[in-house]
Amino acid sequence: MRGDEDALLSIGELAERTGLSVKLIRHWSDVGVVPAAGRTTAGYRLFDGQSVARVELARTLRDLGLGLAAIGEIVERGRDLAEVAAIHADAMEVRIRTLRRQQAVLRSVARRKSTPEELFFMTKLARLSAAERNAMIRDFVADVVGDLDVPTYRDGLLAGLPDLPDNPTSEQVDAWIELGGLLGDPQLRAAMRRMAEYAARHAPGTHDEDDLRAVEDVTEMWLGEVKAATEAGLAADSAAAEPVVARVVAAWLPTQAVAGYAPDGDGAEPRRRLLEQLELAADPRAERYWQLMCVINGWPVRPSMAAAGQWLMTALRSNPEPGARAARVAGMADDDVTGTDPALKLDGCRRVLAEVGRLVVAVPLDRMDDPTPCDDWNVRALLDHLVWENLLWTSLATGAPRSDFTDDHLGDDPAGAFHAAARATLTAFERPGMLQERFGPAPGWRLVEQVTIEMLVHGWDLAKALGLPADLAPDVAQAVLPAVVEIYGDLPRTPGGSFAPAHPPLDTATPADRLAAYLGRTVDWSPPRPS
């Protein structure tokens, strides 16, 4: 029984040679995949060299995922191996796609912490055919547009049907599931309906490719303008945003001729109309709709325009007609509602810089990533802004305005950077005659006042972030509050602006608290506890 390759093997010896179990080989022999070559006088099965080859082939096919029936077709009945392999490869591809979609559903469930009802909905969406997906979008568009005379708007919506590929990525499946849920959001339908109604009122009918391309060009233009403005540190609600607004309006006006709108040039009415269009298009659900459609179809996804749009809308609200904001700033330049002597203003600035300097020194290096009352800034970003404000106003006071807003102004020594910037500020402000010197429309004491305000409110932010007392220079904070109300009282408290809406101060609020509350801080803010 144990000789050359032609010697017969017992079932146990065949199992030992191939590494499979006796039970499995017996089963394969019973169904004909590995028939016995003979039997002993006692009736036990014997196997030969061909049996070994059959077992090895059957094991390989099983490891590739083929079922016993398919293995039998190849091993027992001699069906062409390549043909069977191709058939089963296709079957496995279908199974892989199904598994990927199931995986995407499960990941979405985990991320969204979905309920069983939501799981049912998501699974149903993942199983829809291409025709069923397209029908969902067509029904959505029909509901949004109705009988409005906006064929170009309708065609634009239908140009983005969800073409989920046969072998989608998990991101594409996830995007389709999210889009399916978004289509049921009544606020999305309302937002797109408002856009359609606006188009029907102002520009009904069909528009050619040149008109659409002109609108796209203007969009790219204003995105570039806003990007440059934000990188330069221009506040949207300042007079410095006026030139940006003027350039955008000049580029936008020619695109309105198709709607019969052709004013004599820039002015309050064109700016109001541009703002109205931007507000209509600013719904985050509509933007998300198109982002998801791009992911599903494998198209490049445009970065969100929300922040840039908010900046431009704020600039339009703050500069409602040419020169309006600059005229207001010039009109109040010499109007000191605080009644404080300029020399005392400088002394107050000196004291506030010293108090903030002590806070900066108290910042541990391992707290740089901690949150602050300014949602977009951690402690390091807040420190950088404190330094930048000193550098900026010093540069204005010395006649050499800086433009390195986006640079890192802290380096490896935040406290040293702040103290150096503060010393430079005081040196510039203490120059004889500076307080009465004119800097544009404003006297020098206005620059001093501005630094004092910036240091007070952002010093308050830093103290809150560190959990330290935030009652900075109470008499100075009390004195400058009327100036803050005068300077910033008419600014739009909307996203994109410098300040959030004012909060009512608590009864126990300190002067610094009241200043912070007026400029949009939540006075009882405290650092979130670690999770």
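Entry 1, helix axes. I take an axis as a line fitted to C-alpha atoms, for a helix over the stretch in contact, and I read angles from 0 to 180 degrees between N-to-C directions. The model I am looking at is predicted. Two packed helices are described by the angle between their axes and the distance between the axes, so I looked up both values for each pair below.

I took helix α7, residues 130–145, and helix α8, residues 151–158. Their axes come within 10 Å and cross at roughly 155°. Angles over 145 degrees count as roughly antiparallel, and α7 and α8 are therefore roughly antiparallel to each other. I noted the crossing of α7 and α8 as right-handed. On the α7 side I listed Arg-138, Val-141 and Val-145 as the residues in contact, and on the α8 side Tyr-153, Arg-154, Leu-157 and Leu-158. Sorted by class, the residues of this contact of α7 with α8 are 5 nonpolar and 2 charged, with no polar ones.

I then turned to helix α9, residues 170–183, which packs with α7 at an angle of about 30°, the axes being 11 Å apart. Because angles under 35 degrees count as roughly parallel, α7 is roughly parallel to α9. The crossing of α7 and α9 I recorded as left-handed. From α7, the residues Arg-133, Met-136, Ile-137 and Phe-140 meet Trp-176, Leu-179, Gly-180 and Leu-183 of α9. I counted the classes in the contact of α7 with α9 as 6 nonpolar, 1 polar and 1 charged. For reading such lists I keep in mind that an α-helix has 3.6 residues a turn, so residues three or four places apart point the same way.

Which residues of α8 are buried? I found Pro-151, Thr-152, Tyr-153 and Leu-157. Their cover includes α7, along with α10 (186–202), α11 (209–231) and α14 (284–297). Tyr-153 and Leu-157 I had already listed in the contact with α7.

How many disulfides does a search of the whole structure find? I got 0. Cys-349 is in no disulfide, and the nearest cysteine sulfur, that of Cys-374, lies 19 Å away. Buried means under 20% relative accessible area, so Cys-349 counts as buried at 1%. Cys-294, at 15% relative accessibility, also counts as buried.

I checked Ala-473, which sits in the loop between α20 (444–466) and α21 (474–488). Its phi is near 35°, a positive value in a residue other than glycine. Most residues other than glycine have a negative phi. Is Ala-473 buried or exposed? At 0% relative accessibility, I put Ala-473 down as buried.

Ala-131 is in helix α7 and is exposed, with a relative accessible area of 57%. From Ala-131 to Asp-384 I have 253 residues in sequence and 54 Å in space, C-alpha to C-alpha. Asp-30 belongs to helix α2, residues 22–30, and counts as exposed at 53% relative accessibility. Between Asp-30 and Ala-236, 206 residues apart along the chain, I have a C-alpha separation of 82 Å.

How values were computed. Residues are numbered from 1 along each chain as its sequence is written. This is a predicted model: local features need pLDDT of at least 70, side-chain atom pairs count only at pLDDT 80 or more; totals for chains, interfaces and linings use all residues. Side-chain values use heavy atoms; hydrogens and water are left out. Helices (H or I, at least four residues) and strands (E, at least two) are DSSP runs, numbered from the N terminus. Angles under 35 degrees count as roughly parallel, over 145 as roughly antiparallel, 65 to 115 as roughly perpendicular and the rest as oblique. A crossing is left-handed if the near helix is turned anticlockwise from the far one by less than a right angle, and right-handed if clockwise. Contact means heavy atoms within 4.5 Å. Ala, Val, Leu, Ile, Met, Phe, Trp, Tyr, Cys and Pro count as nonpolar, Asp, Glu, Lys and Arg as charged, and the others, Gly among them, as polar. A disulfide is a pair of cysteine sulfur atoms within 2.5 Å. Buried means under 20% relative accessible area, exposed over 50%, partly exposed in between (1.4 Å probe, protein chains only).
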